[in-house]
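Biologist: I am new to this structure. Please show it to me, and then I will ask how you know what you say.

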Amino acid sequence: MAVPELAPLVAPSRDTAPPVTEDPRVVTAARPAGPSPSVTELVDFKWLMVGFGHRVDLLRLASEAGYARACIALALASGEPLLARRAVQLADWWGLPRH
């Protein structure tokens with residue numbers, strides 16, 4: 001008798017990342033040199049962004065300068081002070097402008 005496959009307990013993630021609209025040849029940057037944000041700060045940023053309708057891929061946020069730049073721009077445009085502070089911290093970490 002064949003044993004049926006069980007469905008996964010957790011549904012696959014359907015997170016979509018904000019699009020990066022800049023030239024893909026310019027997304028590579030030196031590894032961030034500033035003080036690294038804590039996991040809590042990164043997760044706070046992610047969920048604050050979700051509150052404004054933007055999903056964030058934390059792995060890309062921590063490894064792709066172009067993606068981080070796009071997320072930071074969306075966060076700064078939100079007008080939310082806490083989200084803007086988190087965005088400035090990420091910009092400093094990446095060595096990106098704060099605007």
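Biologist: Which residues is Leu61 in contact with, leaving aside its neighbours within four places in sequence?

Modeller: Leu42, Phe45, Val56, Tyr67, Ala68, Cys71, Leu90, Trp93 and Trp94. Contact means heavy atoms within 4.5 Å. This is a predicted model: local features need pLDDT of at least 70, side-chain atom pairs count only at pLDDT 80 or more, and totals for chains, interfaces and linings use all residues. Residues are numbered from 1 along each chain as its sequence is written, and side-chain values use heavy atoms, without hydrogens and water.

Biologist: What makes a set of residues a nonpolar core?

Modeller: Its members are buried Ala, Val, Leu, Ile, Met, Phe, Trp, Tyr and Cys residues, joined through side-chain atoms within 4.5 Å. The largest one here has 19 residues. Leu61 and Phe45 are among those with the most contacts inside it. Helix 1 (39–51), helix 2 (58–63), helix 3 (65–77) and helix 4 (81–94) each give two or more residues to this core. Helices are DSSP runs (H or I, at least four residues), numbered from the N terminus.

Biologist: Why is Arg86 called buried?

Modeller: Because its relative accessibility is 16%, and buried means under 20% relative accessible area (exposed is over 50%, partly exposed in between; 1.4 Å probe, protein chains only). So Arg86 counts as buried.

Biologist: What joins the side chains of Arg86 and Asp44?

Modeller: A polar contact of 3.2 Å. The cut-off is a pair of N or O atoms within 3.5 Å; within protein, one must be able to donate a hydrogen and the other to accept it, and residues adjacent in sequence count only if both atoms are side-chain atoms.
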